[in-house]
Amino acid sequence: MIERILTIILPVLVIVLIGWVYARKVRPDMQAANKLNMDVCVPLLVFSALAAKDFQLLAQWKLIPAAALVVAVSGLLAWPVARLCGISVRTLLPPVMFNNCGNMGLPLALLAFGREGFQAFVVLFAVSNLLHFTLGAFIFSHHTSFAGLRRNPIVIATCAGLAFGLAGIHLPDWLMGGVKMLGDMTIPLMLFALGVRMVNVSFAGWRVGLLGAVLCPLTGLAAAAMAVPLLQLDSEQTALIVLFGALPPAVLNFLMAELYRQEPDRMASIVLIGNLASLLFVPLGLAFALQ
C-alpha cells in the first residue's frame, strides 16, 4: 500500500518541485501561462472528459450531489469554528469548502485510478468549480454579479460537455484528439504553476493558516463519510469522493481573496500551509480510498 501511494504522489511532487526550483532561479511571470490554462486547457480538459465516447456520464450522476454535499457540509462544519475563533467567515469558509481538486486532485486521480477514474473525477472538479464561481463568490461578497458566468470558459465547457455526454453526441476522432491533447496540457502546467507559487510561501498569520489547512481535509473527509451511505456510492465512487475530501485548499481561493480584498495575506497562509500539509493528509486519504 505504501509503495502504491508513493508511486501516485511522487510524480506529482516531482513536477511541483521542478516548478519551485525553476522559480527560485528565474522568477518566471506565470500570468500568461495561467490565463492560457484557465481559458483554454482546463475547459478543453473538462469537455473532453465529459464528452468522451468511453465515459458513461449517467453512470456517474451520483458524483454530482456527492461533490455538492462535501462542499456544503465542509462549510457548515467550518462556520462555528470561525465564529468561535473570531475569524471572518468570508476568510475561513472558502478555503475549507473549495479544495485543490484541479492542481492536485486531477493528477492524483489519473495516477491512482487510471483514465476511467480520472474522467469520473472531472465530474467532481466541474461541480466544485461551478460552486466556487457562484456560491464561493457570493461568500466573498454578497454583491457579486453572476452575469459574467455565461462567458466563463470553464462554465461553458462544463455545460457543453454535459450536453454532449447526456445526448450521446461524439466529436470525430480527429477533432476530439486535438481537443484532448490541449486538455492534457492542463495537469503538468497546473502542477508546475503550483511549484512556482510555492516560492512565495509566507508563514505570516500561521495560526489561521494552520487552522484552515487542517480544517479543509478533516471536514472534507467527514463530509465524504456522510455522502457514501447517503448516496449509496459504489466502491470506485467512494474512493474518488474520499480522495476529493482529503485535498488541501484551492489556490484559486487566494486569487479570489485578492480580487474581493478579503484578507489576502491570511488566505495566502491558509492556501500555502494547506498545500504543504497535504503531504500528510493526501496519503491518508489515498490509504482509505485504495483499501
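## Exercises on helix packing and pockets

The axes of helix α9 (residues 206-231) and α12 come within 7 Å and cross at roughly 50°. Here axes are lines fitted to C-alpha atoms, for helices over the stretch in contact, with angles running from 0 to 180 degrees between N-to-C directions, and helices are DSSP runs (H or I, at least four residues) numbered from the N terminus. The model is predicted, so that local features need pLDDT of at least 70 and side-chain atom pairs count only at pLDDT 80 or more, whereas totals for chains, interfaces and linings use all residues. Residues are numbered from 1 along each chain as its sequence is written, and side-chain values use heavy atoms, without hydrogens and water.

**Exercise 1.** Classify the packing of α9 against α12, and describe the contact by residue class.

*Solution.* Step one takes the angle: α9 and α12 are therefore oblique to each other, a class left over once angles under 35 degrees (roughly parallel), over 145 (roughly antiparallel) and 65 to 115 (roughly perpendicular) are set aside. Step two turns to the contact (heavy atoms within 4.5 Å), in which residues of α9, including Trp-206, Val-208 and Leu-210, meet residues of α12, among them Arg-266, Ile-270 and Phe-281. Step three counts the classes, and this contact has 11 nonpolar, four polar and one charged residues, where Ala, Val, Leu, Ile, Met, Phe, Trp, Tyr, Cys and Pro count as nonpolar, Asp, Glu, Lys and Arg as charged, and the others, Gly among them, as polar.

**Exercise 2.** Describe the lining of the largest pocket.

*Solution.* A pocket is an open set of points on a 1 Å grid over the protein atoms alone, where a 1.4 Å probe fits and protein lies on both sides within 12 Å along at least five of seven lines, and its lining residues have an atom within 4 Å of a point. The largest pocket has a volume of about 1300 Å³, a volume being the space filled by probe spheres set on the points. Among the 46 lining residues, Asn-34, Met-38, Arg-197, Leu-252 and Leu-255 are the closest to the centre of this pocket. The largest share of the lining, nine residues, comes from α5, and by class the lining has 25 nonpolar, 15 polar and six charged residues.

Technical notes:
Helices (H or I, at least four residues) and strands (E, at least two) are DSSP runs, numbered from the N terminus.
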